[in-house]
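Subject: Structure handover

Hello,

The structure is below, with the sequence. My notes on what was found in it follow.

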Amino acid sequence: MKTFRFIIVNFIFAAVFAVSVFAQAQPAAKIALIDTEAFYDQKVGITKIINAYKSLDTEFKTTTTELENGVKRFQTLQTEIQALQARASDPNNKVPIDQNAARAKVDEAEKLQRDLKFKEEEFKTQLAKREAVILNPINQDIGKVLSEFATQKGYALILDSSKLGQAGVILARDKTADVTDEFIKFYNARPAGSAITTPK
């Protein structure tokens, strides 16, 4: 039994030693981190993405303005209704409240709330479709350029630090491993291609 254990221990030691020697013989794999959330930064992000969202803002400007105006009107109605309710419950109030006018305000607020909810959902659906049409080609292009960047810089692996951070996977890191700024400059320096498409 002792001999058997001794043989196993020697075998394990030999295997570990062999792996260690092999690892030492291989060049260390370079791993980099890129924060993809920085791509969307208005000041230092990827130009194609920033321009794509500007085009979406312009395209949906009328809809967003309508929604904003609707929300403002709803807030005004809420304030007026609350003021009427306060007057109605005030025992010192001597001025009669026009019940018909009050009811009309409540009806308008309820209808406006329903309309805003419907328009908001419709807006989200339309925006998501257009966002996919405009952003998908850019994201595909970014993926290709990432591979090119990794090859040029000799990185065996590039990880998304924003996703890893959200998952709580990164416990510590060397700041020099973050090449976000370097990649964004690398990507933005490329000639404008056909990544952005805006077909309806």
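The model is predicted, so local features need pLDDT of at least 70 and side-chain atom pairs count only at pLDDT 80 or more, while totals for chains, interfaces and linings use all residues. Residues are numbered from 1 along each chain as its sequence is written, and side-chain values use heavy atoms, with hydrogens and water left out.

Overall layout

The chain has 6 helices and 2 strands; both kinds of element are DSSP runs (H or I of at least four residues for helices, E of at least two for strands), numbered from the N terminus. Along the sequence their order is α-β-α-α-α-β-α-α. The chain has 200 residues, of which 24% count as buried.

Helix packing

For the numbers, axes are lines fitted to C-alpha atoms, for helices over the stretch in contact, and angles between N-to-C directions run from 0 to 180 degrees. Angles under 35 degrees count as roughly parallel, over 145 as roughly antiparallel, 65 to 115 as roughly perpendicular, and the rest as oblique. A crossing is left-handed if the near helix is turned anticlockwise from the far one by less than a right angle, and right-handed if clockwise.

- α3 and α4: helix α3 covers residues 61–89, and its axis comes within 9 Å of that of α4, crossing at roughly 150°. The two are therefore roughly antiparallel, and α3 passes α4 in a left-handed crossing.
- α2 and α4: the axes are 10 Å apart and the packing angle is about 165°. This pair is therefore also roughly antiparallel, with a right-handed crossing.
- α4 and α6: helix α4 (residues 99–153) packs against helix α6 (residues 180–188) at about 115°, with the axes 10 Å apart. That makes α4 roughly perpendicular to α6, and α4 passes α6 in a right-handed crossing.

Salt bridges

The structure holds 11 salt bridges, where a salt bridge is a side-chain nitrogen of Lys or Arg within 4 Å of a carboxyl oxygen of Asp or Glu.

One is between the side chains of Glu108 and Arg73, at 3.0 Å from N to O. Glu108 lies in helix α4 and Arg73 in helix α3, so the pair ties together parts that are 35 residues apart in sequence. Glu108 counts as partly exposed because its relative accessibility is 33%; for Arg73 the value is 33%, which also makes it partly exposed.

Another is within helix α4. Glu120 forms a salt bridge with Lys124, the closest N and O atoms being 3.9 Å apart. The two residues are 4 apart in α4, so about one helical turn separates them. Glu120 has 36% relative accessibility and counts as partly exposed, as does Lys124 at 45%.

A further one joins Glu182 and Lys153, whose side chains meet at 3.3 Å, N to O. Since Glu182 is in helix α6 and Lys153 in helix α4, the pair ties together parts that are 29 residues apart in sequence. Glu182, at 34% relative accessibility, is partly exposed, and Lys153 is partly exposed at 31%.

Surface patch

Ile31, Leu157 and Leu159 form a nonpolar patch on the surface, with about 240 Å² of accessible area together. Patches are made of residues with over 30% relative accessible area and no salt bridge; like charges are joined within 9 Å, and nonpolar side chains (Val, Leu, Ile, Met, Phe, Trp, Tyr) within 5 Å. Accessible areas come from the Shrake-Rupley method with a 1.4 Å probe, and for residues only the protein chains shown count as cover. Leu157 lies in strand β2, residues 155–160, and counts as partly exposed at 42% relative accessibility.

Tyr40

Tyr40 sits in the loop between β1 (30–34) and α2 (47–59). With a relative accessible area of 40%, Tyr40 is partly exposed. Its C-alpha atom is separated by 6.4 Å from that of Ile50, 10 residues apart along the chain.

Regards

Notes:
Buried < 20%, exposed > 50% of the residue type's maximum accessible area, 1.4 Å probe, protein only.
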